[in-house]
Number of protein chains: 2
Amino acid sequence: MARLGFIGLGVMGRPMAKNLLKAGHRVAVHRAREDVVAAGGEDGKSPAGVAAAADIVFLMLPDSPQVRDVALGDGGLAGALAPGRLVVDMSSINPLATREIGAALAERGVRLLDAPVSGGQEKAEAGTLAIMAGGDERDFREAEPFLRAMGAPTLVGPLGSGQTAKLVNQTIVAVNIAAIAEGMALAKRAGVDPAKVFGAIRNGLAGSRCMEDKAPRMFEKRFDPGFRVSLHAKDLANVLEAGHGLRLAMPFASQAMEMLQVLMNDGFGDLDHSALAKYYEKLNAVDLGTADADD
Amino acid sequence: MARLGFIGLGVMGRPMAKNLLKAGHRVAVHRAREDVVAAGGEDGKSPAGVAAAADIVFLMLPDSPQVRDVALGDGGLAGALAPGRLVVDMSSINPLATREIGAALAERGVRLLDAPVSGGQEKAEAGTLAIMAGGDERDFREAEPFLRAMGAPTLVGPLGSGQTAKLVNQTIVAVNIAAIAEGMALAKRAGVDPAKVFGAIRNGLAGSRCMEDKAPRMFEKRFDPGFRVSLHAKDLANVLEAGHGLRLAMPFASQAMEMLQVLMNDGFGDLDHSALAKYYEKLNAVDLGTADADD
């Protein structure tokens, strides 16, 4: 039986850890939540405690600083993991940070795989997350059976490639949602029902998963997350930090970041990212809701 | 048997007119092309001649000035069509121009329906265009059987609504293609194979018809049209003219327009709009092609 560790039991991490338990694995956790312990999780008390009890440690943390701290900080994994152990970082962080942390762990003989996810809480619970992995193929094969308990993993390339794929994903999603809101604002201002426009164009080249998921939310003002504005802003901050670190100009990602920043300033950070509609509503004094939407 | 007219036998108009003929209708055309005459089209010699021979006249012209000229200019439709006749403008033009032309035709008792299309030459030939219509429901019902010979029509709203839906479509498509190129440039610069990223994210929230159609073109440098950069720039010019005419700020559409302008300046106006990849390649000195792409 594999000895696993899981650090980061937030909205995403809890169902992911529970899916590992459900698949029959031993899982030591840090800061154990009741539901995870009830599902069989063992309280490792600290990152070092988790490290001592596990052959593979999974991380699901907010951002680069937290991953760096848990991996390399005082009482962190680096000092506690035996050489040859594997860390699988499923957090969404800056791929440059991933490579730095990977190099520091490698000095201790510890291997790192990055494996950020896409799909949100619902797919985390269902165990159907998209998992974009980066690292050595051998390490990926070792982690793959466990990743499969949480979703569908794809090896994209060397260490950091999973994070890079995630950033590409988040760039395209943010910009496409904004473009949908921008287009629908034109329809509304021109006196045309945006929902009718959606019906006319959804099966053409403009059609997308974003349009199917987000356009109806805009019309019905259903901004319960889903994926939060504040988390998407965090991801776009990593996009721009990574891009600019590589001397890459990203005009659309930077503009989308400004839009998310305005939404957070207006107190909408906890809404679903389809609330980009609210940015356009404010910008253009237009209302994208259909007549019967409450708000 | 319906007496139809068709004005505008370009790359799109020719197969559309031939599909009307194939459906068994009489079609008078202006500036008859050999293949259309061979298919049974009658040469009306001039817009007025077409008007005299037809109960419903379809237009498929480059832009607003050409539609205005054919509809209202010397020897145009307005002077030649009997009151009660119907004009169906399938060109992609500014919806404000559509309403002006509609009002001028209405003074002569002539009705106008706007019905721009999406789908390109291939779908024009197959008779499977998406057709976004605007106008009175009664007029739409009258034109619908003929529109069905060319594709799938949807009535979006009053006159101009079809054009507005088309502009929304073109906004979302241009911005999404650019976002895909922007994201893939980040992948390439970060040393990750963009084709692998495509494989990892295509089934997630970033997935779209644009991504399926355009991302492989970027990697393989297949920029044969498809839909031309210059035509998309024309559409975005109409987006911005319509939007700004309605006092609407459209930051992403205007930025996409600048990108298409740069491509045209570089001599790429006749390439497929997936050549937005070339904008990012120039901007960032990066090559989105896979190793075996020729170029």
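This is a predicted model: local features need pLDDT of at least 70, side-chain atom pairs count only at pLDDT 80 or more; totals for chains, interfaces and linings use all residues.
I began with a helix pair: α12(A) passes α13(A) in a left-handed crossing. Left-handed here means that the near helix is turned anticlockwise from the far one by less than a right angle. Helices are DSSP runs (H or I, at least four residues), numbered from the N terminus.

Residues are numbered from 1 along each chain as written, chains are lettered from A, and side-chain values use heavy atoms, without hydrogens and water.

Back to the pair. The axes of α12 (residues 229-245) and α13 (residues 251-265) of chain A come within 9 Å and cross at roughly 145°. Axes are lines fitted to C-alpha atoms over the stretch in contact, with angles from 0 to 180 degrees between N-to-C directions. I listed the contact residues (heavy atoms within 4.5 Å). Among them are A:Leu236 and A:Leu240 of α12(A), and A:Met257 and A:Leu260 of α13(A). By class, I found 12 nonpolar, three polar and no charged residues.

Then I searched for disulfides (cysteine sulfur pairs within 2.5 Å). The whole structure has zero. A:Cys210 is in none; its nearest cysteine sulfur, in B:Cys210, is 12 Å away. That is too far for a bond. I checked burial (under 20% relative accessible area, 1.4 Å probe, protein chains only). A:Cys210 is buried at 0%, and B:Cys210 is buried at 1%.

Last, I looked at B:Ile201. Beyond neighbours within four places in sequence, B:Ile201 contacts residues including A:Met132, A:Ile172, B:Met184 and B:Met211.

How values were computed
Buried means under 20% relative accessible area, exposed over 50%, partly exposed in between (1.4 Å probe, protein chains only). Helices (H or I, at least four residues) and strands (E, at least two) are DSSP runs, numbered from the N terminus. Ala, Val, Leu, Ile, Met, Phe, Trp, Tyr, Cys and Pro count as nonpolar, Asp, Glu, Lys and Arg as charged, and the others, Gly among them, as polar.
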